[in-house]
Amino acid sequence: MSSRIAIIGAGYVGLTTGACFAHLGHDVVCADIDESKVERLSRGELPIYEPGLEQIVTDALRSGRLRFVVGAAVAAAECEFAYLCVPTPQGDDGSADLSYIEQAARQIAPVLPPNAVVVNKSTVPVGSTKVVERVLARPDVKVVSNPEFLREGSAVADFLKPDRIVIGSDDQSAAIRVASLYSSIAAPLIVTDPASAETIKYAANAFLATKISFVNAVAAICENVGADINDVVLGIGYDKRIGHDFLRPGPGWGGSCFPKDTRALVKIAEDASYDFNLLKGVIVVNDEQRERMVDKVRSAAGGSLDGVVIAAWGLTFKANTDDLRESPALAIIAALVKEGAIVRAYDPQVANDLPGVEVHSDAFAACEGAAVLVVLTEWDDFRLIDLDEVQRRMIGTEIVDTRNLLDRAAARRAGFMYRGVGR
Ligand code: UGA
């Protein structure tokens, strides 16, 4: 059955959610405050790089099931469901800032049709469903939490083939109505109260961040005991209780979610009188991981980075996205530049220079005259690159591979000194 859905906020979550709901056959109106963005989206031009999204936006626009409008009230006026997909940036004390959510709720409150359901999709602190209810002040309108578990780079697949769907509501019939939007998707459905749904979102991200920090910590030990983290992960991953997923060592986790959400959960815990030392440790390990990568590059450069030319491959916080937010690559590069390094970078999705960094248009050009090559993002483009050509362009023979991406044996055959993570 087709429903009328308003999406408030055409950012990465809102756009994916709106386009995927339209793809499932619903009638979607997606609102943003940015007029030029709305204009571009209406022509099918996406402001972000997300594999597969452009195609479903284009198809949905053509079928008439997806429209973009300026202003939350315009979108919400005829909806049955209003999805709040606006940002929840980090406030000064680490907690999530709810002002965009509250503002959106204030704008739609007077125009929402009777008995509409408002859905929180943004990652919001525990208790926010109640905050939205208070701001709306519409007893006929129920507020439901329906957290997203979309990864950048595979957001469309994550939406259409999710591991689970979580719905939090104190009102059974509102929960069933939201569940019905996903009726064509086969996935476990967890219907719970709003506080539990909100907690599930934070706990999921914090647990995933914990896995990565754990593997990065074990990688540090591997380096000192002569073990290989890749084999260690393989060995532990076959234990079904552990699994292989999300145990890739790297330069530390980044992006718009993990850093913000881990800090927010520490704050939520604090407000709930629990000192979340475990998660604090996870964050510390992540900060240290970046420093450890800088140490590796410094050692590869012979002990000092002053005046050393470094080629940096990858700037985004992970592959298959153009998102630079809280990218470990940028943090590491900034630290190298601070110590006097001259950084020449290349990223398949970044064209413009960044502060203090020349961005080149191909991976080889970035290596010209470099003493050290550092791999910072796990783009497939780098995996099978011609390392002999890389060697010809560089003046040095050092590779620091913070993602264990390159073929170590091939790098050595090409004459490189190869340093990975945890091996
Ligand atoms: C993350 C979650 O995975 C999603 O489920 C969630 O919906 C989303 O946050 C959100 O809250 O909106 P995302 O930030 O797109 O998704 O990125 P991830 O794929 O989770 O990667 C996060 C960071 O961890 C990246 O820097 C990545 O390079 C790093 N990572 C990931 C590792 O270092 N090792 C791994 O094994 C996996």
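Is Cys 20 buried or exposed, and what is its relative accessible area?

Author: The model before us is a predicted one. Cys 20 has a relative accessible area of 0%, and because buried means under 20%, this cysteine counts as buried. A disulfide is a covalent bond between the sulfur atoms of two cysteines. The model has zero disulfides, and Cys 20 accordingly takes part in none; the nearest cysteine sulfur belongs to Cys 30 and is 11 Å away. Cys 257, by contrast, is partly exposed, with a relative accessible area of 23%.

Let us turn to the nonpolar residues. In soluble globular proteins, nonpolar side chains tend to be buried together. The largest nonpolar core in this model has 40 residues, and those with the most contacts inside it are Phe 21, Leu 66, Tyr 83, Val 178 and Tyr 182. Helix H1, which covers residues 12-23, gives the most to this core, contributing seven residues. Apart from it lies another core, of 31 residues, including Val 215, Leu 315, Ile 332 and Leu 376.

Tyr 83 shows how such a residue is surrounded. When neighbours within four places in sequence are left aside, its contacts include Ile 5, Ile 7, Phe 21, Val 119, Val 178, Leu 181 and Tyr 182. Among its other contacts are Thr 17, Lys 121 and Asn 146.

The model has nine aromatic pairs. One of them joins Phe 21 and Phe 159: the ring centres are 5.2 Å apart and the planes stand at 85 degrees, so this pair is edge-to-face. Since Phe 21 lies in helix H1 and Phe 159 in helix H7 (residues 155-160), the pair ties together parts that are 138 residues apart in sequence. Both partners are buried: Phe 21 has a relative accessible area of 0%, and Phe 159 has one of 5%. Trp 253 and Phe 258 form another edge-to-face pair, with ring centres 6.3 Å apart and planes at 75 degrees; Trp 253 and Phe 258 are both buried.

Ring pairs also build a cluster out of Phe 21, Tyr 83, Phe 159 and Tyr 182.

The charged end of Arg 164 sits over the ring of Phe 149, at 3.6 Å from the ring's centre.

Terms used. Residues are numbered from 1 along each chain as its sequence is written. This is a predicted model: local features need pLDDT of at least 70, side-chain atom pairs count only at pLDDT 80 or more; totals for chains, interfaces and linings use all residues. Side-chain values use heavy atoms; hydrogens and water are left out. A nonpolar core is a set of buried Ala, Val, Leu, Ile, Met, Phe, Trp, Tyr and Cys residues joined through side-chain atoms within 4.5 Å. Buried means under 20% relative accessible area, exposed over 50%, partly exposed in between (1.4 Å probe, protein chains only). Helices (H or I, at least four residues) and strands (E, at least two) are DSSP runs, numbered from the N terminus. Contact means heavy atoms within 4.5 Å. Rings of Phe, Tyr and Trp (its six-membered ring) pair if their centres lie within 6.5 Å; planes under 30 degrees apart count as stacked, over 60 as edge-to-face and the rest as tilted. A charge sits over a ring if NZ of Lys or CZ of Arg is within 6 Å of the ring centre and within 35 degrees of the ring normal. A disulfide is a pair of cysteine sulfur atoms within 2.5 Å.
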